[in-house]
Amino acid sequence: MKLLTDELIEAAMHELGFSEKQISEQNGEFIQLVLDHYGASYSDRWEQQDLYVYEESTRDGYSLWICTHNPNAICVNEDIFYQDHSPQIIYEVQDAIRNGLSIYCDAEGLINEAIEDMCDKVYDDVRADVEMEFHSKGYVWPPKVPALLNEIKQLLTDEGLNKHQRMVDRIDAALEVLKIAD
């Protein structure tokens, strides 16, 4: 039996470019990694796409943002936005990314903002995929009791001043017994 640990998962995620550190450092490569992970793409070329996000001007010079799946049939009350970084536009872009769609967008910052806003979800999705891969290779999580005991021990020692030292010693003894049983 091979034991699965958080360290193994994080190392595998690092190889994929999705470790916590890599996500926090986000760069252009990370944006492409996210798009590739979901099978999505974006371009600033007007060609056949699944979602179009772009700026237009009104006759009297005001800027509006269009976010539509069909640029040939724009619905004024559903597809036109006053703000370029509207939460509804960000949501539509994120939804398109998660569903592996192609996106036309003439504002790269909008794509960046959408991906940055979904980092936690991306991390959770990739982590779940990596964990499932390890499970398919025969890895299993260690029994939950030692992990729970270590967590309780950490909580007790975080309170400081060895206030609960007898309890911590008992937890250490129990962990030793569990190691021998393995």
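Contact here means heavy atoms within 4.5 Å. Keep that in mind for the exercises below. The model is predicted, so local features need pLDDT of at least 70 and side-chain atom pairs count only at pLDDT 80 or more, while totals for chains, interfaces and linings use all residues. Residues are numbered from 1 along each chain as its sequence is written, and side-chain values use heavy atoms, with hydrogens and water left out.

**Exercise 1. Find Ser102 and list what Ser102 touches, not counting residues up to four places away in sequence.**

Step 1: Start with the element. Ser102 sits in strand β6. Helices (H or I, at least four residues) and strands (E, at least two) are DSSP runs, numbered from the N terminus.

Step 2: Check the cover. Ser102 counts as buried because its relative accessibility is 15%. The scale goes like this: buried is under 20% relative accessible area, exposed is over 50%, and partly exposed is in between (1.4 Å probe, protein chains only).

Step 3: Read off the partners. With residues up to four places away in sequence set aside, Ser102 touches Ser41, Gln48, Gln49, Asp50 and Leu51.

**Exercise 2. Work out how far apart Ser43 and Asp106 are, in sequence and in space.**

Step 1: You'll find Ser43 in strand β2, which covers residues 41–43. Ser43 is buried, as its relative accessible area is 16%.

Step 2: Take the distances. Along the sequence, Ser43 and Asp106 are 63 residues apart, and C-alpha to C-alpha they are 7.8 Å apart in space.

Step 3: Look around Ser43. Leaving aside neighbours within four places in sequence, Ser43 is in contact with Gln49, Ile103, Tyr104 and Cys105.

**Exercise 3. Count the salt bridges in the whole structure, then go through some of them.**

Step 1: Set the rule. A salt bridge is a side-chain nitrogen of Lys or Arg within 4 Å of a carboxyl oxygen of Asp or Glu.

Step 2: Count. The search of the whole structure turns up 4 salt bridges.

Step 3: About one helical turn separates Asp95 and Arg98, because they are 3 residues apart in helix α5 (residues 87–98). Asp95 is partly exposed, with a relative accessible area of 28%, and Arg98 is partly exposed at 28% relative accessibility.

Step 4: Move on to Lys121 and Asp125. Their side chains meet in a salt bridge at 2.9 Å, N to O. Lys121 and Asp125 are 4 residues apart in helix α7 (residues 119–136), so about one helical turn lies between them. Asp125 is buried at a relative accessible area of 18%, whereas Lys121 is partly exposed at 41%.

Step 5: Lys137 is partly exposed at 48% relative accessibility, and Glu133 is partly exposed with a relative accessible area of 43%.

**Exercise 4. Describe where Leu33 is and what Leu33 is in contact with, leaving aside neighbours within four places in sequence.**

Step 1: Locate Leu33. Helix α3 (residues 28–38) holds Leu33, and a relative accessible area of 29% makes Leu33 partly exposed.

Step 2: List the contacts. Once neighbours within four places in sequence are left aside, Leu33 is in contact with Leu16, Gly17 and Phe18.
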